[in-house]
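Reader: I am new to protein models and would like to learn how to read one feature after another. Could you take me through this one slowly?

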Amino acid sequence: MPSHKANKHGTACEYHLAEKYRVDLVDSDGKRIDTSWYDGRKNGTPWEFKATAHRHSDGQPGNFKVYKAYHRKLEKNGGKYGFAVYRRRGTGTQILKTRALPASKLPALSWHGGGSHRDTQQAKISIGDVF
């Protein structure tokens, strides 16, 4: 489970990505879109947002985690990913770079365990493979 701080930074990135790519995070009733496999929609297309720290507190480079069942569903529905790399800046979040990619255009994924809390496998994608 991600830490509260990681969630704070991820949420900041999610809002930044939604604004940059004009993705709706709420439905027509004004309710927050709440699905397990995507974060928002743009013109009917589902979008999933992924964020990682440029470097973690232990000095290791960040990576994006993608979950197989959700990725397959996103790919099948013509969905897109919005990726963000951030750096902690004081108590805030500095977004260093972003990129949007169709789910079908991700680099080759190597599925493995680790997504058991989501009942699926996961793959880790390095920052360099996305940017």
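Author: Let us begin with a single residue, and keep in mind that this is a predicted model. Asn43 has a relative accessibility of 75%, and because the cut-off for exposed is over 50%, Asn43 counts as exposed. Asn43 lies in the loop between E1 and E2.

Reader: What is the phi of Asn43, and is that value positive or negative?

Author: The general idea is that most residues other than glycine have a negative phi. Asn43 is not a glycine, and yet its phi is positive, at about 50°. A second case is Arg22, a residue other than glycine whose phi is near 55°, again a positive value. Arg22 sits in the loop between helix H1 (4-20) and strand E1 (40-42), and because its relative accessibility is 66%, Arg22 counts as exposed.

Reader: Which strands form a hairpin with Asn43 in the turn?

Author: E1 and E2 form that hairpin, with two residues between them. The two strands pair in the antiparallel sense over three bridges, and Lys42 stands opposite Thr45 in E2.

Reader: How many bridges join E2 to E4, and do the two run parallel or antiparallel?

Author: Seven bridges join E2 to E4, and these strands run parallel. To follow the pairing by eye, look for Trp47, which stands opposite Lys80 in E4, and then for Ala53, which stands opposite Tyr86 in E4. E2 is also mostly covered, with seven of its nine residues buried.

Reader: Which residue stands opposite Arg88, and in which strand?

Author: Arg88 stands opposite Thr93, which belongs to E5. E4 and strand E5 (residues 92-102) pair in the antiparallel sense over ten bridges, and they form a hairpin with two residues between them. The turn of this hairpin contains Gly90, which has a positive phi of about 65°.

Reader: I would like to turn to the rings now. How many aromatic pairs does a search of the whole structure find?

Author: The general idea is that a pair of aromatic rings is described by the distance of the centres and the angle of the planes. In this structure the search finds six aromatic pairs. One of them is formed by Phe64 and Phe83, whose rings are 4.8 Å apart, centre to centre, with 65° between the planes, an arrangement that is called edge-to-face. This pair links distant parts of the chain, since Phe64 is in strand E3 and Phe83 is in strand E4 (residues 80-89), 19 residues apart. Phe64 and Phe83 are both buried.

Reader: Is the pair of Tyr81 and Phe83 stacked or edge-to-face?

Author: Tyr81 and Phe83 form a stacked pair, with 5.5 Å from centre to centre and 25° between the planes. Tyr81 and Phe83 are both buried. Elsewhere among the rings, Tyr21, Trp47 and Phe49 are linked by ring pairs into a cluster. A ring can also have a charge over it, as with Phe131, where the charged end of Lys97 sits over the ring, 5.2 Å from its centre.

Reader: What volume does the largest cavity have, and which residues line it?

Author: The general idea is that rolling a probe the size of a water molecule over the atoms shows where empty space is left. The structure holds one cavity of 30 Å³ or more, and the largest cavity has a volume of about 50 Å³. Its lining consists of Ser36, Trp37, Glu48, Lys50, Val66, Tyr67, Tyr70, His71, Leu74 and Tyr81. The elements that give two or more residues to this lining are strand E2 (45-53), strand E3 (63-67) and helix H2 (68-76). H2 gives the most, with three residues, and by class the lining has six nonpolar, two polar and two charged residues.

Reader: How far apart in space are Arg72 and Asp119, taken from C-alpha to C-alpha?

Author: A distance along the chain and a distance in space can be read side by side. Arg72 and Asp119 are 47 residues apart in sequence and 14 Å apart in space, C-alpha to C-alpha. Arg72 is found in helix H2, and with a relative accessible area of 40% Arg72 is partly exposed. For another pair, take Arg55 and Leu74, which are 19 residues apart along the chain and have C-alpha atoms separated by 28 Å. Arg55 is in the loop between E2 and E3, and with a relative accessible area of 47% Arg55 is partly exposed.

Definitions and conventions. Residues numbered from 1 in each chain as written. Predicted model: local features only at pLDDT ≥ 70, side-chain atom pairs only at ≥ 80, totals over all residues. Heavy atoms only, no water. 1 Å grid on protein atoms, 1.4 Å probe; cavity = no way out; pocket = protein on both sides within 12 Å on 5 of 7 lines; lining within 4 Å. Points joined across faces, edges and corners; volume = space filled by probe spheres on them. Helix = DSSP H or I, 4+ residues; strand = E, 2+ residues; numbered from the N terminus. Nonpolar A, V, L, I, M, F, W, Y, C, P; charged D, E, K, R; others polar. Phe/Tyr/Trp six-rings, centres within 6.5 Å; stacked < 30°, edge-to-face > 60°. Buried < 20%, exposed > 50% of the residue type's maximum accessible area, 1.4 Å probe, protein only. Lys NZ or Arg CZ within 6 Å of the ring centre and 35° of its normal. Pairing = 2+ DSSP bridges.
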